[in-house]
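Here is a short note for someone opening this model for the first time. Please read the points with the structure in view.

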Amino acid sequence: MSLSAVTAHRAQLGEGPFWDGPTQALYWVDIAGKQALRLKDGELRIWRMPEHVSAFIPCERGDALVTLSSGVYRLDLATDALTLLCQADPHPGNRGNEARCDAQGRLWLGTMQNNIGEHGEDLPITRRSGGLFRVDADATVTPLLQGLGIPNTLLWSDDGSQVHFGDSLDGTLYQHGIQADGGLASPTVWFGPHPRGGPDGSAMDADGYIWNARWDGSCLLRLTPTGEVDRVIELPVSRPTSCVFGGPRLTTLFITSAASPLDHPLDGAVLAIDVDVPGKPCHRFAG
């Protein structure tokens, strides 16, 4: 596998990669650095946010969503104007973390106790105050889970009957059935703690295998649909945070990463690796 950094940019806490097929553009964020980033036609553009930002997702109507500490906002990509869409999680002291859209274009947002100081420093997590929320195209918010530590990974089965969802505080990836009313069934453990770091964000390939970034593990694990380790993809970064399939044929895996005390040269970079199986596409917000 050939591996390279897509830009010279290095993030404090790179996260939330999103590949927009129609425009062939890569979106991601630096949560601690308060940046929303887009790489399109070889040009890197950075939007500076007033708060920590955990996701940057284009919308069908041409603007984008950014999930900030105080709520979910629309970002006008031409004027940089921010407009509040909703406050999905009203719990004081929480911030957004994982966020992706399902096949219907609804935003699923996982929140957690804020663990980042004003200058990007780490703060201790002392409570499980996070939740999982669904935001529909009309900005209606539906709470789905509560009592979460560090929500990570949001991936759906093709038929929309199940969602893979992780909590890094547990070191575990779970599977939830999605009920007829849109609620979630009780979780089953799909992949538990593993020696190669903790579970962070993930992407799903066309065969239904999940590629999971391992925080402090310097690798991705490719996991079978039944939760077995299929392969280990070694990486030259200490803290890979998430990944997404992109490129014209969805055969390039883009991997975000964070800075670390080990200070490896590529820590904080977005890496690109060509892989032998295509991935599933990302979905824009329907609103």
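1. Basis. This is a predicted model, in which local features need pLDDT of at least 70 and side-chain atom pairs count only at pLDDT 80 or more, while totals for chains, interfaces and linings use all residues. Residues are numbered from 1 along each chain as its sequence is written, and side-chain values use heavy atoms, with hydrogens and water left out.

2. Fold content. The chain has 0 helices and 24 strands. Both are DSSP runs numbered from the N terminus: helices are H or I with at least four residues, strands are E with at least two.

3. Overall dimensions. Along the principal axes, the C-alpha atoms fill a box of roughly 40 × 40 × 40 Å.

4. Burial. Of the 287 residues, 57% count as buried. Buried means under 20% relative accessible area, exposed over 50%, and partly exposed in between, with a 1.4 Å probe and protein chains only.

5. Strand S20. How many residues of S20 (219-223) are buried? The count is 5 of 5. In a regular strand the side chains alternate between the two faces of the sheet. Here Cys219, Leu221 and Leu223 lie on one side, Leu220 and Arg222 on the other, and all are buried.

6. Neighbours of S20. S20 pairs with S19 (210-215) in the antiparallel sense over 5 bridges. It also pairs with S21 (229-234), again antiparallel, over 5 bridges. Two strands pair if DSSP finds at least two bridges between them. Cys219 is the bridge partner of Arg214, and Cys219 also has Glu234 in S21 as a bridge partner.

7. The two turns. The hairpin of S19 and S20 has 3 residues between the strands, and Asp216 takes a positive phi near 65 degrees. The hairpin of S20 and S21 has 5 residues between the strands; there, Gly227 has a positive phi near 90 degrees.

8. Leu77. This residue is found in the loop between S8 (71-75) and S9 (82-86). Is Leu77 buried or exposed? Leu77 is buried, because its relative accessible area is 13%. Beyond neighbours within four places in sequence, its contacts (heavy atoms within 4.5 Å) include Tyr27, Trp47 and Phe56. Ala64 is another contact of Leu77; their C-alpha atoms are separated by 7.1 Å, with the residues 13 apart along the chain.
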